[in-house]
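Please consult the sequence and the structure shown here.

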Amino acid sequence: MKKFIAFLIVVLIGIQFISVEQTNPPVEAEIYAPTEVKAIFKKACYDCHSNETNWVWYTKVAPISFLLTSHVKDSRKHLNFSEWGLYDPKKAEKKIEEIWEEVRDEEMPPWLYRVGHSEAKLTPEEKNTIRNWATSK
Ligand code: HEC
């Protein structure tokens with residue numbers, strides 16, 4: 001058992017030297033939305049769906065870092081508020097629809113993220129704000 005724990009510690013230290021690329025590319029075409037809507041996106045979605053991820057300390061600790069880095073990459077591919085302006089109007093319209101659906105069904109932000117980020121749990125008022133924005137488009 002002692003040997004196994006020693007082995008585990010060596011592995012855990014060792015993997016810290018595997019570098020992962022945690023990027024925040026320049027924000028060139030950020031979404032244009034009313035201040036109160038954008039404020040909600042910023043606090044509840046931007047860590048994953050923008051180029052302004054807050055890479056806090058635990059996102060840099062392996063093996064969590066491997067997971068979170070690919071998670072953010074994947075999230076940005078699906079939806080990126082920092083590159084919204086590059087979407088053609090049809091795609092943007094579809095994304096707006098999806099945003100409301102995800103928020104309405106409490107699929108987004110993911111529950112695990114909400115555990116660590118209580119501010120990301122949207123209040124009924126905040127959901128209303130998103131709905132009004134999404135359905136007025
Ligand atoms: C912890 C990371 C994380 C946060 C925070 C987060 N998302 Fe996501 N989101 C993902 C991932 C990963 C996917 C793609 C996989 C999936 O659909 O589960 C996704 C998918 C989506 C999709 C589907 C897009 C598509 O093309 O299929 C929408 C819409 C979305 N998120 C909206 C939001 C909104 C709105 C917020 C904030 C209220 C938010 N997300 C917060 C990780 C996140």
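## The shell around the ligand

The ligand is surrounded by 18 residues, counted as near when one of their heavy atoms lies within 4 Å of it. The closest are C45, C48, H49, K95 and M108. The model is predicted: local features need pLDDT of at least 70 and side-chain atom pairs pLDDT 80 or more, while totals for chains, interfaces and linings use all residues. Residues are numbered from 1 along each chain as its sequence is written, and side-chain values use heavy atoms, with hydrogens and water left out.

Helices α3 (64-78) and α4 (89-104) each supply at least two residues of this shell; helices are DSSP runs of H or I with at least four residues, numbered from the N terminus. The largest share comes from α4, with five residues.

## Polar contacts

Polar contacts here are pairs of N or O atoms within 3.5 Å. A polar side-chain atom of K95 lies 2.6 Å from an oxygen atom of the ligand. For H78, a backbone N or O atom is 3.4 Å from an oxygen atom of the ligand.

## The iron site

H49 (NE2) and M108 (SD) are the protein donors of the ligand's iron atom, at 2.0 to 2.2 Å from it; donors are N, O and S atoms within 2.8 Å of the metal (3.2 Å for Na, K and Ca), and since water is not among the atoms, sites may look incomplete. H49 belongs to the loop between α2 (35-44) and α3, and M108 to the loop between α4 and α5 (111-116), 59 residues apart.

H49 counts as buried because its relative accessibility is 12%, under the 20% limit (1.4 Å probe, protein chains only). M108, at 34%, counts as partly exposed, a class between 20% and 50%.

How values were computed: Polar contact = N/O pair within 3.5 Å; in protein donor to acceptor, adjacent residues only side chain to side chain.
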